[in-house]
Structure formats: structure tokens, C-alpha cells
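Have the viewer open and follow along.

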Amino acid sequence: MSVSNELKKGALVNFVGVVGKMAAPAFLVSVNRLFGPDIFGFFITANIAIEIIIAFLTSGFKDGAMIFVSRFADNKEEHEDLYTSLSNSFLWSVGISGIVLLLYISFGDNLLESVYGDEFTDGLSIMFSIMIYSIPIMAFEKVVLAATQGLKIMKYEALSNGWLRPLALLVFSIFFWFFDPTETGMAVAYLATQILLFVVSIYIFSRELSWKGLFQAFKKFRIDKELLDFAIPQNINMTLNRFITGIDVLMLPAFGFSATAVGFYGAGSMLIREIRSVKFIFSSAFAPHIVRLHKLKKYEELSHHFSKTAAWIATIAIPIILLMAIFKDYLLVFIHPEYGGDSSFMYYLLPIPYLFCSFSLAGNVVSMTGHSKLTLMNSFIVASTNTVLNMILIPDYGIVGAAIASSIAMFILNGFEVVEAKVVASTRFYLRDMLRPHLAGISSALVFALLFQTMPWFTDSLTGEFSLAAIVLTVFALFIGKDLILKVKAKI
């Protein structure tokens with residue numbers, strides 16, 4: 001099977017998973033409607049903090065597990081090396097999580113109070129003290145899913161993160177609301193979700209990998225220096241990367257914004273950042289091929305697949321971004337009627353999914369070809385810049401300032417990654433392979449801006465906005481359709 005066909009097959013499986021993630025907006029609505037905007041504000045702050053911790057514990061080890069499983073899986077004589085790498089991934093990621101738990105138990109409340117003050121800390125501390133216990137089991141689950149991706153089995157990632165996680169979080173949040181409609185009930189729902197996913201990951205490991213091989217590796221345990229050399233910088237890199245995308249939400253309460261304000265911004269931010277899931281349809285399926293093609297030094301082939309995959313991602317993501325720009329007010333009010341304020345900050349967040357879905361595949365190339373120290377440097381520079389930008393812009397511009405800071409940070413990060421993919425991995429974008437969806441997007445955005453500014457009817461009612469959306473999507477489809485017609489004629 002060709003790389004393109006394998007990639008399409010893996011992307012199709014991942015697409016099924018992303019469709020399942022439609023439960024995420026349903027969860028967003030249910031939490032806000034049932035628990036209220038304040039509790040959602042506490043939840044999204046705690047959730048981002050947990051995700052940063054998980055990135056620190058697992059990102060490098062799960063990526064390393066995928067790389068080394070992909071490298072050793074085809075040759076039975078190398079399976080001992082495969083399980084040596086897996087045993088290291090489990091030991092370091094799950095083991096360090098125990099240290100993190102002890103540190104939180106000892107100093108967590110004091111740290112939260114020093115950053116956020118008494119009022120915000122009261123609700124946040126209740127949630128965080130329960131949710132933090134999910135990190136060891138989340139570490140185990142993420143390494144297992146990465147190992148199956150190394151085996152080129154994409155269905156478990158799609159099942160677990162695409163369907164089971166958002167659906168379980170939705171169901172458990174509604175269930176526990178009946179018993180305890182407070183911060184505690186929401187936090188227990190989160191922990192219950194992670195426990196369920198942990199049980200499923202045990203089943204997945206039993207089905208696709210060998211407990212015997214893993215136990216033998218632990219019995220004859222040796223430190224995998226190559227894995228550690230990759231994983232430690234990558235852990236820090238992805239921690240900073242997640243910090244970059246979440247620092248805006250974390251810093252708003254530190255500057256005195258209420259839980260409701262944080263929830264308002266967080267709801268809009270969460271809606272927009274979900275668009276990034278489009279990239280994951282293809283990127284996780286593409287990752288094993290990056291490793292293989294680079295190892296074989298097929299740089300030209302890798303560059304073409306890289307460019308075409310980026311174009312596929314952009315073709316799906318750009319129309320969604322345009323729809324988000326049109327319907328943003330209705331979406332926020334639908335989540336909760338109290339979210340009736342100025343939603344213009346969402347315009348300033350939209351460059352984030354556009355840049356991410358258009359160019360961040362370069363970051364996958366850089367990390368999957370073993371340059372984790374380089375990606376660490378990127379993340380450190382961009383995280384520092386984003387923090388400074390938030391400190392400067394939030395006091396003067398509030399949530400709009402937070403959105404601007406995050407968009408600038410994403411632009412800087414993607415700029416680094418595109419240059420580095422060419423320099424260190426001999427992989428570059430071919431404009432002829434990827435330009436069409438961007439031209440279509442620019443044309444559609446210009447039509448949107450023109451009608452938005454000159455014809456108020458299109459924004460005065462839901463009917464008008466649906467009409468505007470239909471026109472904008474038609475313009476986009478005409479550009480994409482023209483490209484397809486030309487390709488068919490060329491083949492004829």
C-alpha cells in the first residue's frame with residue numbers, strides 16, 4: 001500500500017474519532033447550563049493546568065514510544081528493544097507523576113493562593129485536589145495509545161480520545177450533577193472519566209502488545225539512554241507548547257478577572273481551539289511515515305506528502321474557521337445566556353487554528369526526526385514571549401489582549417518550525433501542492449468582510465447569518481472545485 005493510501009486510511013479512522021469529539025461542544029453546553037459559568041471557569045483553569053502537567057510527564061515518552069515501537073515492531077528479533085523502550089516510558093512517566101502528587105499535597109494550596117488570591121483559589125483548590133489524582137492513570141493510557149500508533153493501528157486513539165473521552169465526560173458530568181452540583185461533582189466526573197479510559201487502555205495493551213514482554217523488560221530493566229535523550233527535551237518542549245496555548249486562560253484570573261469572565265473567555269477559546277482537531281485527523285496517521293521516509297532519506301517524497309497533507313488539513317479547517325467567525329455570538333449565547341457580552345475577542349483567536357492547521361505539521365516533522373532539543377528551544381522562546389505579551393496586553397486590553405498575545409505566539413512558533421523542517425530535516429512546503437485552500441480561504445474571507453461591513457442585514461438575524469454562511473462557503477467551494485476540475489481534465 002502506498003504512503004498516500006495508508007495515510008488516507010489512517011486519516012479516515014482518525015476522522016471517525018474527530019466526529020466523536022462533537023460531544024465536546026455538548027459537554028461545554030451541559031457544564032455551563034448545569035453547573036454554571038463560575039464552575040466552568042474553575043474547571044477550565046484546572047483542566048489546562050492538568051494538561052500542562054500531563055504534557056510534562058508523558059509527551060516525550062509517548063512520542064518516544066511511538067517512534068521506537070514503529071522502529072522495532074516489524075522485526076521479532078528487535079522486540080526486546082521495543083519492550084525496553086516501553087518499560088522506560090511507563091516507569092518514568094507514571095513514576096514521576098507520583099512525585100508531582102506529593103508536591104501538590106505538600107505545597108499545592110499555597111501555590112494556588114499566591115498566584116490567584118483567596119477568592120479564585122477557593123473553588124479552584126477543590127477541583128484541583130480531586131482532578132490531580134488522574135495524572136498517573138492518564139500517563140499510562142497515553143503511552144499505551146502511542147504504542148499502538150507505532151504499530152500503525154489508529155483505531156484505538158480514535159476510539160479513546162475521539163469518542164470515549166468526550167462522551168464519558170459528558171455523561172459523567174450530567175450524572176454527578178444530580179448528586180453534587182458543585183465544584184466537587186464536576187471534578188469527580190473528570191476523575192471518573194480518566195479511570196474509565198485507564199481500564200480501556202489495559203484492555204488495549206492486552207490485545208495488541210505483550211504483558212509478558214513488558215514484565216521481562218522490567219525484570220531485566222536497563223535505562224534506554226536514546227529514549228531519554230529524546231523524551232526529556234520533548235517533555236519540556238510539549239509542556240511549554242501546552243503552556244503557550246493555555247497561558248491566556250491561566251493568567252486572566254491572576255490579573256483579577258472573575259471566574260465568570262474566565263469562563264466566558266474559556267468557552268470561546270475552547271470552541272475555537274477544537275478546530276485544531278482537524279490537524280490530528282492526519283498528523284497522527286502521518287507521524288510513522290515521517291520516521292520511515294526520513295530514515296530512508298526520501299526527502300523529496302516526504303516533502304510532497306508533507307505539503308499535500310497540510311493542504312488536506314487546511315481544506316477542512318478553513319471553512320470551519322469562517323463559520324466560527326460568522327456564528328460566534330449565537331454559539332456563546334447557546335452555551336449559556338449569561339455569555340451575552342462582547343465576543344469580538346474570538347476574531348483575535350481565529351488565527352490560532354488557521355496557523356496550526358496550515359503550518360504546524362512542520363513541528364511534527366522536526367520532532368519525529370529526533371530534533372527534540374530544537375523544538376524545546378522553540379517552545380522556551382515562544383512561551384517566554386507569550387507570557388510577556390500577556391503581562392503587557394491583558395491589563396490594558398483584557399480578554400482581547402489575551403487573545404492577541406496567543407495568536408502572535410502561534411505565528412512565531414509556526415515560523416520557527418517551517419524553517420527548521422527545511423534546515424534540519426530537508427523537508428519543505430511545496431506551494432503548488434498546498435496553495436489552493438489558502439487562496440479559497442482568502443477569497444471567502446474578503447467576501448465575508450465586504451458583506452459584513454456593507455450589508456447589515458446579513459448580521460441582524462440568524463437567517464441573515466445563515467445566508468452569509470452559504471455565500472461564503474459557496475465561494476470557497478468554487479475555488480476548491482475549480483482545482484478538482486483541472487486535475488480531472490489533466491488526467492483525461
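## Burial and overall make-up

Of the 492 residues of the protein, 56% count as buried, where buried means under 20% relative accessible area, exposed over 50%, and partly exposed in between (1.4 Å probe, protein chains only). This is a predicted model, in which local features need pLDDT of at least 70 and side-chain atom pairs count only at pLDDT 80 or more, while totals for chains, interfaces and linings use all residues. Residues are numbered from 1 along each chain as its sequence is written, and side-chain values use heavy atoms, with hydrogens and water left out.

The protein has 19 helices and zero strands; helices (H or I, at least four residues) and strands (E, at least two) are DSSP runs, numbered from the N terminus. Its accessible surface comes to about 21200 Å², and carbon and sulfur atoms account for 68% of that (Shrake-Rupley method, 1.4 Å probe; for residues, only the protein chains shown count as cover). Among contacts between residues at least 6 apart in sequence, 85% join residues at least 24 apart, a contact being heavy atoms within 4.5 Å.

## Nonpolar cores

A nonpolar core here is a set of buried Ala, Val, Leu, Ile, Met, Phe, Trp, Tyr and Cys residues joined through side-chain atoms within 4.5 Å. The largest one holds 92 residues, and Ile50, Met127, Phe128, Ile135, Met186, Tyr265 and Phe345 touch the most other members. Helix α3 (residues 37–72) supplies the largest share of this core, with 13 residues. Apart from it lies another core of 25 residues, including Phe72, Leu82, Tyr83 and Val144.

Pro37 and Ala261 are 224 residues apart in sequence, yet 8.4 Å apart in space, C-alpha to C-alpha.

## Helix pairs

The axes of α6 (residues 155–179) and α7 (residues 183–208) come within 8 Å and cross at roughly 150°. Axes are lines fitted to C-alpha atoms, for helices over the stretch in contact, with angles running from 0 to 180 degrees between N-to-C directions. The two helices are therefore roughly antiparallel, the label for angles over 145 degrees. In the loop between them sits Asp180, partly exposed at a relative accessible area of 25%. Asp180 touches Phe35 and Gly185, not counting residues up to four places away in sequence; Asp180 and Phe35 are 145 residues apart in sequence and 9.6 Å apart in space, C-alpha to C-alpha.

Helices α9 (residues 225–254) and α10 (residues 259–273) have axes that come within 10 Å and cross at roughly 175°, so this pair is roughly antiparallel too. Thr245, Asp248, Val249, Leu252 and Pro253 in α9 meet Val262, Tyr265 and Arg273 in α10.

## Two buried spots

Helix α15 (residues 361–368) is mostly covered, with eight of its eight residues buried. They are Leu361, Ala362, Gly363, Asn364, Val365, Val366, Ser367 and Met368. After α15 comes Gly370, whose phi is positive, near 90°.

Asn386 is found in helix α16 (residues 372–425). Is Asn386 buried or exposed? Asn386 is buried, with a relative accessible area of 0%. Not counting residues up to four places away in sequence, Asn386 touches Ile244, Ile247, Ala405, Ser406 and Ala409.

Technical notes: Angles under 35 degrees count as roughly parallel, over 145 as roughly antiparallel, 65 to 115 as roughly perpendicular and the rest as oblique.
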